[in-house]
Amino acid sequence: MLQMPHSLLEVAVEETVGSGGSLPPASPPSLTPAPPHTPVPFSPQHLLLFLLFVGPFNCFASYSRATELFYSLNEGLPAGVLIGSLARDLRLPTAGGQRPAASQPPLSFTLASHGLGVQYVHLDNRSGELHTSAVEIDREALCVESSGATVFEGAAVVSSSSPSSESCLLLLDVLVLPQEYFRLVKVKIAIRDVNDNAPRFPVPHIHLSVPENAPVNTRLAIEHPALDPDVGTNGVQTYRLRDNYGVFTLDVEENESGERTPYLIVMGALDRETREEYVTVIIAEDGGIPPLVGSATLTIGISDINDNCPQFSDSQLNVTLYGNSSLGTRVTTVHAVDMDLGSNAQITYSYSQKVPQPSRDLFHLDESTGTISLSNKVDGDAPRLHRLIILGNGPGCIPAVITVLVTIIKVMMRPPEIVPRFIANEAEGVVYLKELEPINTPIAFFTIKDPDEKYKVNCHLDGDGPFRLQPYKPYNNEYLLETTKPLDYETQQLYEISVVAWNSEGFRVNKIIKVQVLDDNDNSPVFSQQLVELSIEENNVPNAFLTKLHATDADSGERGQVSYFLGPDAPSYFSLDKTTGVLTVSTQLDREEKEKYRYTVKAVDSGFPPRESIATVTITVLDKNDNSPRFINKDFSFFVPENFPGFGEIGVISVTDADAGQNGWVALSVLNGSDIFVIDTGKGVLRAKVSLDREQQSSYVLWIEAVDGGDPALSSTAKITILLLDINDNPPLVLFPQSNMSYLLVLPSTLPGSPITEVYAVDKDTGMNAVIAYSIIGRRGPRPESFRIDPKTGNITLEESLMQNDYGLYRLLVKVSDHGYPEPLHSTVMVNLFVNDTVSNESYIESLLRKEPDISIEEKQPQISIEPTHKKMESASCMPTLVALSIISLGSIALVTGMGIYICLRKGKKHHRADENLEVQIPLNGRINLHMLEKKPMEISNI
């Protein structure tokens with residue numbers, strides 16, 4: 001817990017008398033400092049502040065219903081600082097070691113205020129200690145200098161000018177419970193100011209005007225004083241200038257409300273003509289410890305007053321003038337200077353009253369410019385010397401005086417005369433011609449003559465330009481001025497030529513003519529580049545800047561103003577600013593959609609009719625790696641014959657990348673199964689490192705990853721399924737009988753058509769390569785034709801009844817063949833059948849089996865009916881065939897039905913004869929004397 005120092009926290013207690021009650025007597029009022037354990041006297045100033053905010057009270061009451069506590073603390077304190085202990089300051093039993101009786105409930109303190117003010121304090125409900133909260137108290141934010149109060153839902157923040165203008169109060173209501181100690185405590189917390197704000201001028205630049213004739217000690221208020229939210233000594237106290245130039249200083253005046261205003265004081269003489277502006281920095285400083293400062297630029301302008309008069313640089317001018325000078329000839333110009341500004345420096349010129357009227361009539365004085373010119377012809381009896389006194393007049397000033405002495409030189413002979421008569425438009429000696437006027441366009445006639453008609457006069461044209469002056473026949477002394485070639489405004493706009501005339505005595509005169517060429521819309525705009533080649537990366541931001549087109553037009557005025565337009569072939573998402581020529585694209589460009597754009601732009605001038613020129617814009621969209629590699633299919637399936645040679649081409653994985661260059665380069669790799677399969681990165685060829693055997697694994701599933709060459713790289717995957725096609729590389733495997741040396745006992749009583757045994761074989765191949773056919777290719781025995789084998793199932797059945805002379809060993813060589821392509825494979829097995837009632841001599845049979853049988857091989861191929869996919873029948877034989885088939889079918893059904901009934905009856909009689917169902921497998925290593933057997937029919941059964 002933080003404890004407030006004495007200087008930061010003070011407390012005062014006041015109790016208000018109640019009309020009656022049973023509460024224990026309260027202590028007399030006391031004034032104590034902030035530390036919770038040491039009371040100190042309260043100053044008279046504090047008492048006055050207390051009286052103003054607390055109101056009437058009675059210090060002699062014995063019981064209290066309402067109490068007011070007064071605390072003070074600095075703003076900006078951290079959370080947890082102890083403001084005061086309400087229990088201690090109210091002398092409640094929990095203070096000073098006192099404890100309430102055991103039968104009494106503990107004290108409880110509750111904030112009755114629920115406004116914004118409670119966010120700044122924290123009240124311990126049990127101890128009654130009041131602390132600062134995590135919300136820092138800012139006095140400048142809480143209190144604005146005024147005499148009123150702002151209430152926040154029961155908690156008020158009050159700023160008052162009494163007893164001090166710095167007072168800022170935070171008002172709280174606290175309820176003390178239980179009922180035995182109940183009271184409403186009014187807590188007032190005075191927030192003291194700290195110097196946490198620097199002075200600040202409302203504007204960064206302050207301008208002040210001072211007349212140059214301002215006397216010393218002139219005071220000028222600075223209208224933008226610095227502001228400081230802090231109060232008292234922490235507010236603005238002083239001002240100073242960083243540089244006073246030796247003629248300025250500052251003073252501060254304080255009004256009745258305590259506001260301080262800086263004043264600029266003139267300490268020296270000012271002269272605008274010497275210096276018209278002073279720039280310095282004004283600094284405001286508060287009274288905090290340490291002090292804080294703020295500054296602004298102060299510009300002091302010196303305003304002009306009419307303290308200067310016109311002055312001529314010379315007092316007299318001497319000028320000579322020939323007596324034959326033409327009218328309007330400039331004699332001279334006088335010029336006076338006034339150091340002041342504006343209207344104070346306006347000068348007018350006039351003749352002095354001492355100038356005689358003949359001189360005034362002969363010479364004209366321009367009152368604004370001071371130019372003296374010849375206004376009349378000089379007569380022979382006119383004075384040869386004229387004294388012109390000129391006055392330079394300024395506002396409120398004594399005129400400046402200059403004397404001009406004009407000496408006229410008499411000329412006995414008059415010069416030739418040049419009389420122009422203009423054909424083209426002329427004004428004030430300037431001839432206006434349009435450019436592109438045709439050759440020999442007439443400009444003016446000139447009449448050249450001698451006023452005395454005594455001398456011959458010649459003339460010629462002086463000056464550069466496409467002009468000529470030639471005699472106009474048949475008239476004498478008449479000359480025509482005309483053009484020699486078309487004029488071009490863009491080459492030269494103004495020509496100055498002179499028509500010079502002289503007589504035989506050497507007198508020369510000239511007439512200056514100015515020719516102004518008028519512009520015409522004869523030039524089209526010209527692009528700085530006829531082919532504008534641009535590039536931009538794809539996926540650009542909308543309204544991206546491409547370039548700024550520039551075209552110039554040599555014409556003037558509106559004729560030379562160029563506007564820009566897109567050509568009709570330009571896509572709509574390109575924009576060209578009509579005025580600036582800025583070319584932009586309003587949408588994102590996609591290189592994969594279109595890589596190059598080519599269209600025209602126009603530059604059009606504002607002439608009539610308008611002229612235009614065309615340029616071509618080509619835009620290349622640069623690639624960005626924004627496309628992942630793309631497989632043609634997400635799933636690839638390849639059918640490969642087994643035993644395919646190692647590193648043979650299984651298939652080609654086609655993948656594309658819409659990007660270009662390095663971004664479109666694609667590398668392929670196998671993510672799984674890389675120990676068996678490899679892929680050619682460049683060609684996408686998938687290969688197997690080893691030969692594949694379908695019987696070991698019939699299919700493979702691979703994942704191929706394609707990675708492009710961008711940075712960062714993009715990738716995609718595809719599923720590859722490799723299905724191995726079967727090759728007839730496995731002959732049928734006979735599973736039964738298991739040995740060529742095994743045999744089977746066949747009873748003589750076995751009925752014809754009864755199954756005897758079977759040959760069972762499998763083929764690891766598939767399809768037609770695994771379709772097995774059985775055939776007997778070799779026979780040996782007493783009557784070997786008695787047995788047949790089913791080519792599809794391998795079942796061996798008895799074809800004929802066995803007679804007594806059919807007893808003995810039968811050896812059947814069975815061929816088990818598949819239907820493989822191109823070459824069927826086969827296996828053989830020996831089926832041994834011993835026809836007899838019993839086996840009495842096994843060793844004899846085994847000896848017969850061990851002997852190599854002398855069997856001739858039959859090359860008859862097994863016939864297996866395979867259902868045809870099509871039947872072609874002649875229409876002419878359909879009916880007879882159907883009839884024949886119907887008859888055969890009915891007969892077959894009747895036959896099969898009869899045989900089935902017969903077989904079932906026979907089988908029912910043999911269930912009790914177990915010895916007739918016996919299979920014995922012994923080696924055929926003996927021989928049976930078949931002649932010893934009785935040759936009579938016997939019943940047999942299949943084992």
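Which side chain meets that of Asp-251 in a salt bridge? Select Asp-251 and Arg-219, whose side chains meet at 2.9 Å, N to O, a salt bridge being a side-chain nitrogen of Lys or Arg within 4 Å of a carboxyl oxygen of Asp or Glu. Asp-251 lies in strand 16 (residues 248–254) and Arg-219 in strand 14 (residues 219–221), so the pair ties together parts that are 32 residues apart in sequence; strands here are DSSP runs of E, at least two residues, numbered from the N terminus.

This is a predicted model, in which local features need pLDDT of at least 70 and side-chain atom pairs count only at pLDDT 80 or more, while totals for chains, interfaces and linings use all residues. Residues are numbered from 1 along each chain as its sequence is written, and side-chain values use heavy atoms, with hydrogens and water left out.

Next, select Asp-173 and Lys-186, a salt bridge whose closest N and O atoms are 3.2 Å apart. Asp-173 is buried at 17% relative accessible area, whereas Lys-186 is partly exposed at 32% (buried means under 20%, exposed over 50%, partly exposed in between, with a 1.4 Å probe and protein chains only).

Then move to the open sheet of four strands in the order 39-46-45-42, where the pairing is mixed (two strands pair if DSSP finds at least two bridges between them). Strand 39 (531–537) and strand 42 (562–566) stand at the edges with a single partner strand each, so one side of each has no neighbour in the sheet. Finally, select strand 45 (residues 596–605), which runs antiparallel to strand 42 and is joined to it by five bridges, and find Lys-602 of strand 45 opposite Phe-565.
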